[in-house]
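Hi everyone, thanks for making time.

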Amino acid sequence: MSDSGTRPELWMAPMRGITTPEFRAVWRKHSGGLRGAVTPFIALSRTSRLRPERVRRHLGDPAPGWRVIPQALTSDSEPFLELAHIVADLGCDELNLNLGCPWKKIRKKGRGCGLLAHPDRLFSFLDTVCPRLPVSLSIKVRPGIERLDELDALVPRLNAYPLAHVTIHPRTAEQMYTGCADLETFRRLAQAFTAPVWYNGDLLSVRDFRRFRAALPRQRTWMLGRGLLIHPFLAEMIVGDRTVLPDYLPKLRAFHEDLLRVYCDELPPRSVTGRMKELWSYLAQGLPHGDAAFDRIKHARSPEELREAAARVLDEASR
Ligand SMILES: Cc1cc2nc3c(=O)[nH]c(=O)nc-3n(C[C@H](O)[C@H](O)[C@H](O)COP(=O)(O)O)c2cc1C
C-alpha cells in the first residue's frame, strides 16, 4: 500500500558520480525541501575490503533534519552485513539494496535489476541477512528486466521480509531511461506491496510533480532524480508549489560556484572537470538553448576553463 496523507515527502535519488557527499552538502547549503538522500551505491563483492573511513566519507557529514540512507549493490550477504554494521556504528538506521541498476554489465553478474532474474539467489540473500541486520532494510527496484510485470510474481514473497520501504522506478531495465515511467505498473505494485512504497521516475519539473500527484493522490513519498540535476531547486519549488523561482539564476550561480570550489579543494583537476561536465549535461537542460550551453561547457579542459564557460553560459541565460 502507498503511504497516505497529503504533505509530500521528497528524497534525493542516488545518482552515482553526481549526488556525491560534496554535492549533497553544497546542495543543502543552497536549497531545501528534501527529507534526505539515498546515497549512490557502494558496490560489494565477496572480496570487498570495506574501510569504515571510506564509508564515513560516502555518507557525508550529518546535519540536523537530514537523513542519509546508504545503498549497496551486491548479491553477497557477508559484505552486505559487514557494511550494515559499519553504517550502524556511524549512526545510520537503514541500508538500501539496489535491485534496479539496469546496466548490462552489472545485470549479467546477477546484481541490481539482474538479481530479479535469480529469485532463489535473492531470497537466499534475504533469508541470510534479514535476521542478522543491525539496521532496517529497504529496496529500490525496477519492475522487470524486459517486461513491466516480472516483479509481480516476487512481491508476495518479498512481503514476507520486514522491508522499511520499497522505491519503485516503473521502467524496465531494457528501457534504461527511454520511454516513460509507467504509472499503471507503479499503481499495481504499490497495491501489492505491504511495505510503504516510494515513487521514483520522470519528476523533472513542478508541472510533472503536479501531474503525477493528481494521478497518484494517495502517494506521500517521492524520490527526485534527474529533475534535481536539471533544476537543483526543484524540491523547494515543489514544496512551495511554485513553477517559477524569480532569483533562479543568481541562486544557480552561487550553488555552482560553491560546488566547483569544493571539488577543486578535494579532487585532481581532471576529476573536477569530469564531475562538473556530467552535472552540466543535466543542468544545461534547464537553461534556454541548453544544447548550445552544454557544448560550451564540454570543451573546457580545466576547472578554470569550466568556470569561465559556466559564467558565460549563465550571463547569457540572464539576458
Ligand atoms: C547518472 C545516474 C546515476 C545513477 N546512479 C544510481 C545509483 O547509484 N543507485 C540507484 O539506485 N539508482 C541510480 N540511478 C537511478 C536514479 O536513482 C533514478 O532511479 C532514475 O534516474 C529515475 O528517476 P528520475 O526519472 O527522477 O531521474 C542513477 C541515475 C542516473 C541518471
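**Starting from the cysteine**

Let's begin with Cys101, which sits in the loop that runs between strand E4 (94-99) and helix H4 (104-108). Before I go on, please keep in mind that this is a predicted model. Why start at this residue? In UniProt, an unreviewed entry puts the annotation "active site" on Cys101.

Is Cys101 buried or exposed? Its relative accessibility is 7%, so Cys101 counts as buried, the cut-off for that being under 20%. And what does Cys101 touch, once we skip residues up to four places away in sequence? The list is Phe41, Leu73, Ile106, Arg107, Gly112 and Cys113.

Okay, on to the ligand. How many residues surround the ligand? There are 18 of them, and the closest are Pro14, Gln71, Asn200, Asp202 and Arg226. If you sort the shell by residue type, you get 7 nonpolar, 6 polar and 5 charged.

Now some distances. At Pro14, a backbone N or O atom is 2.7 Å from an oxygen atom of the ligand. With Asp202, a polar backbone atom lies 2.7 Å from a ligand oxygen. With Arg226, it's the side chain: an N or O atom there is 2.7 Å from an oxygen atom of the ligand. On its own, the ligand would expose 610 Å², and the protein buries 90% of that. Which elements give two or more residues to the shell? Those are strand E2 (36-43) and helix H12 (269-283).

Strand E2 is worth a stop, and the residue I'd pick there is Thr39, which is in that strand. Thr39 has a relative accessible area of 0%, so we call it buried. Its side chain comes to 3.1 Å from the backbone nitrogen of Gln71, and you'll remember Gln71 from the list of residues closest to the ligand. Leaving out neighbours within four places in sequence, Thr39 is in contact with Pro14, Arg24, His58, Val68, Ile69, Pro70 and Gln71.

Where does the chain come back to meet it? Again not counting residues up to four places away, Ser31 touches Pro232, Phe233 and Glu236. In sequence, Ser31 and Phe233 are 202 residues apart, but their C-alpha atoms are 6.0 Å apart in space. There's a polar contact here too, between the side chains of Ser31 and Glu236, at 2.5 Å.

You'll find Gly65 in the loop between helix H2 (52-59) and strand E3 (67-73). Its relative accessibility is 64%, so Gly65 counts as exposed. Gly65 and Arg35 are 30 residues apart in sequence, with their C-alpha atoms 7.2 Å apart.

Last bit, zooming out. UniProt, again in an unreviewed entry, places the feature "domain: DUS-like FMN-binding" at residues 12-236. Over that stretch the chain is 35% helix and 19% strand. How far apart are the end C-alpha atoms of residues 12-236? They are 12 Å apart.

That's my tour, so over to you for discussion.

Key: Residues numbered from 1 in each chain as written. Predicted model: local features only at pLDDT ≥ 70, side-chain atom pairs only at ≥ 80, totals over all residues. Heavy atoms only, no water. UniProt positions renumbered as here; feature names shortened; annotations may be inferred. Helix = DSSP H or I, 4+ residues; strand = E, 2+ residues; numbered from the N terminus. Buried < 20%, exposed > 50% of the residue type's maximum accessible area, 1.4 Å probe, protein only. Contact = heavy atoms within 4.5 Å. Near = heavy atom within 4 Å. Polar contact = N/O pair within 3.5 Å; in protein donor to acceptor, adjacent residues only side chain to side chain. Areas by Shrake-Rupley, 256 points an atom, 1.4 Å probe, with all protein chains shown as cover. Nonpolar A, V, L, I, M, F, W, Y, C, P; charged D, E, K, R; others polar.
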